[in-house]
Amino acid sequence: MYEVETGNLLFVERRQEAAEVQSPAAALVETARAGDRTAFERLYELYAPLVHGVLLARVPYGEVSDLVQDVFLSAFRKLEALRDPARFGPWVAIIARNRAADFYRRARETEELHESLAQCASHEAEASEVLEIIRALPEAYRETLVLRLVEGMTGPEIAERTGLRPGSVRVNLHRGMALLRKRLGVKGEKV
Amino acid sequence: MSDYLWDKTGEPDAEVERLEALLGGFGHTPRPLALPAPAATYGRRRSWLFAPVGLAAAAALVLAFLAGVVILLRPTSEGTSAAASGTLRPQEGALSKHTPEAREPTQVPSGGMVKDERVALEIHRRGPRDMKGEQPASLQRRRQKPAAVAHVGTPDGAPPAFETMSAGGGGAPSLFESTRLMTKEQLVYALRLTGAKLRDVSLRTQGRDGSGQTPGGRAPLK
């Protein structure tokens, strides 16, 4: 029953999206392709929080900053391969997900970092624990929650930059938040 | 359903606000992006910079080879005595069959060196394969006497070992001459190779902008 309703809702949203004006990223991508480095730096400013959030949902915090640079350098080199300039956000998010997978293929020993963080200040330790719990959530929820709670994006911003439908983002946000509350509560009871 | 979680409007959710404050420290900190230098500009600047350096290196190589040739072709006492004893006459006879200029009389007083150069050039022009069929008389004579000279050179034309010089007897001067000829042949070949490389560099320099002008505005090398 819920699936049918969600399907109808998504169908309406898709039609609305088709009528939307093209993303401002498209013009920046075209300008960057013509050799304007300032345009690509503007793209970096716009989409760095997205890439940061996507990576933070997967890899240790200490590694994220360098990986963000790697992802944008890779995007800069492959910019000609992007078929639809309006889809720069989803495209660079895919690069970030692949880069995170590469990170775990190359260096697995970085997992130990989080245990040492428990010795830091209580505020940081609590934040790290919450982040770990978010990372343990299903993939669809953890990325959306990190973008919302860590990067400070709103739901519509997440939908625009990731290329997901707003309805899907909304569902992921609320289901993910409910699951997070549940796990935080369970953890609090244990403590 | 809370609107605050979706678009930060409406009544704030205390739990969401607490998590935002807790996790906000992990957020993205703006950091300048270090983009690589444009490849096209770098390549063009590199070619303009390195063309004169390449030309200078090629010229230095040619000068070094010329100096080596001059040092090696300087007349020695053995070479002069060999030329004086007329060892090269059979080779001259062989040359006169093929080249018209070889029939002209030598007008240089120190004719031994000029003849040597001509023989080396002729050998080089005809190529090593022709030498198999028509070898200088001294080499043919040497092959007929294997006991006197054990090993002259390798089959692929490498210079002969110098220990055969101590064979003594009448074959020693001719063996020395053949060694010299082969050395000269190699030097001439190296010179021609260097010249070809220099021409190649010169052509590349001329053909880069299609106007026949070198980067510095000078006339192209001929």
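Residues are numbered from 1 along each chain as its sequence is written, while chains are lettered from A and ligands numbered from 1 in the order in which they are written. Because the model is predicted, local features need pLDDT of at least 70 and side-chain atom pairs count only at pLDDT 80 or more, whereas totals for chains, interfaces and linings use all residues.

Chain A has ten helices and zero strands; these are DSSP runs numbered from the N terminus, with H or I over at least four residues for helices and E over at least two for strands. Two residues are in contact if their C-beta atoms, placed from the backbone, lie within 7 Å. Among contacts in chain A between residues at least 6 apart in sequence, 67% join residues at least 24 apart.

Two packed helices are described by the angle between their axes and the distance between the axes. The axes of α3(A) (residues 37–56) and α4(A) (residues 61–77) come within 9 Å and cross at roughly 135°. This angle makes α3(A) oblique to α4(A); angles under 35 degrees count as roughly parallel, over 145 as roughly antiparallel, 65 to 115 as roughly perpendicular and the rest as oblique. Axes are lines fitted to C-alpha atoms, for helices over the stretch in contact, and angles run from 0 to 180 degrees between N-to-C directions. Residues of α3(A) in this contact include A:Phe40, A:Tyr44 and A:Val51, and those of α4(A) include A:Tyr61, A:Val64 and A:Phe76. The contact divides into 13 nonpolar, one polar and no charged residues, with Ala, Val, Leu, Ile, Met, Phe, Trp, Tyr, Cys and Pro counted as nonpolar, Asp, Glu, Lys and Arg as charged, and the others, Gly among them, as polar.

The contact between the chains takes 19 residues from chain B and 29 residues from chain A. The largest share of the chain B side, five residues, comes from α2(B).
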